[in-house]
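Hi,

Here is the structure I said I would pass on.

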Amino acid sequence: MHYTYLLRMDLQFFADSEGGEKTEEPTAKKIEDSRKEGQVAKSQEISSVAHLAALFLCLKLFMSFTSQRLLNVFPHFYREFDVKIGDGFNDIAVWQLVLDAILYFFITAAPYIGAALVISFFAQSLQFKWKVTAKPLKPKFSKINPLSGFKRLFSKEKLVELALSLVKLAVFAAVIYSVIKERAGIFITAYDLTIKDCLGVLFDIVMEIGIKICMAYLIIAFADLLYRRWKHKKDLKMTKQEVKDEFKNSEGDPQIKGQQKQRMRQAAQRRMMQAVPEADVVITNPTHFAVALKYDNTVSQAPVVVAKGADYLAFKIRDIALENDVDVVENKPLARMLYANVELGDEIPPELYQAVAEVLAYVYQLHKKVS
């Protein structure tokens, strides 16, 4: 015997609770909103390699200046101490020494500080357009929530950063090992060199290591930047529902806009019907079109269409005209041409002057006979 079992399953269980899969490209508004929140595709490695390159460049350019300043530290402060403290300790003399020390070391470090500031600005500007926003500085509970912090600690992003750190460590170690291996012979003969020569050789080795590390680091940084941009774009992708919701919020709900248009059409129709009693004539195609004309030579050079409609509106215009003793004239071709070619509130075109003049003359003639 065969048994058949029926299993009920709610397919909504498999549905995405956030409105579906994120398959849509981010809209301009979504990208702009993310920038306002401080979320941009940037690589910290670009800034790091720029700072590292700036450091070695400054060492190359300002090494003589820096070494001279450092060598003069003790003579300089010995003289200052003798001048300012020679007559005894006092608050003013101590503060003058402190300020002098701060100024001395600031001048020594000024080239490096200036290079760091300039490099920081350009390193960020090359990655994305500059935009000032204070939103990232606002406190968020999620940033101090231990549970959220624990989740971030073991997130996919942290694993990527760990892998990147291991790659950098391996590359830097390989560069340092290769340079030292090439220069190993120098260390054997170093005892024949003076201290000044030894320092010069050491400086050359450090500069070579720095240049090669910067070159390797630059490749890693650009790879990281490409990954960050890909991930940022992927994170900004939207579901179809999110796109619809954003359109509703920015452009308005289509259903509400449709209702508004409907109310506007109804208001326009009411104003149009109120103008029918003032018309001179209503030209009809009895079952389809009706066009009401009014001619006032003090206002316009030609008759003006004050109301027009098709089907139901045509019947309504004709009924209002009859109720208000406005003449209704049947002229199928003229009614069709007026309805199709003349907008509400516009004068009739010159090519219809003759046909409309004949209708108006007929209406005026009727009124003369009646009077």
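A quick word on confidence before anything else: pLDDT is the predictor's confidence in each residue, on a scale from 0 to 100. You'll want that because this is a predicted model. The protein chain has an average pLDDT of 76, and 76% of the residues score at least 70. Where pLDDT is low, the predicted coordinates should not be read in detail.

Now for helix 12 (residues 312–323). With twelve residues at 1.5 Å each it should span 16 Å, and the end C-alpha atoms are 17 Å apart, so the two agree. Its buried residues are Leu313, Ala314, Ile317, Ile320 and Ala321. Looking down the axis of helix 12, these fall within an arc of 130°, so they line one face of the helix. Tyr312, Leu322 and Glu323 are exposed on the other side of helix 12. After helix 12 comes aspartate 325, which has a positive phi, near 60°.

Helix 13 (residues 332–341) has leucine 338 in it. At the start of helix 13, asparagine 331 has a side-chain oxygen within 3.2 Å of the backbone nitrogen of leucine 334. Which residues of helix 13 are buried? They are Leu334, Ala335 and Leu338. Seen down the axis of helix 13, they sit within an arc of 100°, so they too line one face of the helix. Ala340 and Asn341 are exposed, on the face of helix 13 turned away from that buried side.

Leucine 338 has a relative accessible area of 0%, so it counts as buried. Setting aside neighbours within four places in sequence, leucine 338 contacts Ile283, Val291, Leu293, Ile348 and Leu352. Valine 356 is 18 residues from leucine 338 in sequence, and their C-alpha atoms are 9.7 Å apart.

Last one: threonine 284, in strand 1 (residues 281–285). Is threonine 284 buried or exposed? Its relative accessibility is 4%, so threonine 284 counts as buried. Leaving out residues up to four places away in sequence, threonine 284 touches Phe289, Ala290, Val328, Val329, Glu330, Asn331, Lys332 and Ala335. Two of those names have come up already: Asn331, at the start of helix 13, and Ala335, from the buried set in helix 13.

Cheers

Definitions and conventions
Residues numbered from 1 in each chain as written. Predicted model: local features only at pLDDT ≥ 70, side-chain atom pairs only at ≥ 80, totals over all residues. Heavy atoms only, no water. Helix = DSSP H or I, 4+ residues; strand = E, 2+ residues; numbered from the N terminus. Expected span 1.5 Å × (residues − 1). Buried < 20%, exposed > 50% of the residue type's maximum accessible area, 1.4 Å probe, protein only. Arc of directions from axis to C-beta. Contact = heavy atoms within 4.5 Å. Polar contact = N/O pair within 3.5 Å; in protein donor to acceptor, adjacent residues only side chain to side chain.
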